[in-house]
Amino acid sequence: MLTTRQKVFADAVLGGKEPSEAYRLAGYREANAVAAARRLLKAPTVQAYMEHIGERHADQSVASSQEILQFLTAVLRGEVGSEKERMRAAELLGKRQGLFSDKAMPEAVTEVVIVDDLGG
C-alpha cells in the first residue's frame, strides 16, 4: 500500500519535478535525497501507482476543445495577452463560430417582372 509521502513524491515526479526535489517536497529528510529518491522510484508500489496515474494523465496531456475555447476567450477579454494576441483570439473564435468567410457574399438576385398594363 502506498503511503501519503510516497503518493506526494510520485505525484510530484509525474508533475515534472526532479526525483530529488519531489523527495524533499514529500517531506523526507534531505540526507542522500538523490540516492533515496532513486530507490523510491524503484519501489513496486510507487511504480504501480505512477503507471496507473500516468495512464490517466495521458488523456489529459492534450488540451480539450473546451479548454482551448476558454483560453481564447480569456485572451479576448484581456485577462491575458497583448493587444495583438487579443485580436488573434477574436479572429480564431470568430472563425470557430463561422462569423467570417473567405468567399465574397453573393450579390442578391432580384427578378425583374415587366407588366404590360398599357394595353395595345
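**Exercise 1.** Determine whether Lys7 is buried, partly exposed or exposed, and find its salt-bridge partner.

Solution. Lys7 has 39% relative accessibility, so it counts as partly exposed. The classes are buried (under 20% relative accessible area), exposed (over 50%) and partly exposed (in between), with a 1.4 Å probe and protein chains only. The model is predicted: local features need pLDDT of at least 70, side-chain atom pairs count only at pLDDT 80 or more, and totals for chains, interfaces and linings use all residues. Residues are numbered from 1 along each chain as its sequence is written, and side-chain values use heavy atoms, with hydrogens and water left out. Next, the side chain of Lys7 meets that of Asp11 in a salt bridge at 3.0 Å, N to O. A salt bridge needs a side-chain nitrogen of Lys or Arg within 4 Å of a carboxyl oxygen of Asp or Glu. Asp11 is also partly exposed, at 29%. Finally, both residues lie in helix α1, 4 residues apart, about one turn of the helix.

**Exercise 2.** Locate the buried residues of helix α1.

Solution. Helix α1 spans residues 4–14, and its buried residues are Gln6, Phe9, Ala10, Ala12 and Val13. They cover an arc of only 160 degrees around the axis, so they sit on the same side of α1. The arc is taken from the directions from the helix axis to the C-beta atoms.

**Exercise 3.** Trace the salt bridge between Arg88 and Glu91.

Solution. Their side chains meet at 3.3 Å, N to O. Arg88 and Glu91 are 3 residues apart in helix α6, about one helical turn. Shared partners join Arg88, Glu91 and Lys95 into one network of salt bridges.

How values were computed: Helix = DSSP H or I, 4+ residues; strand = E, 2+ residues; numbered from the N terminus.
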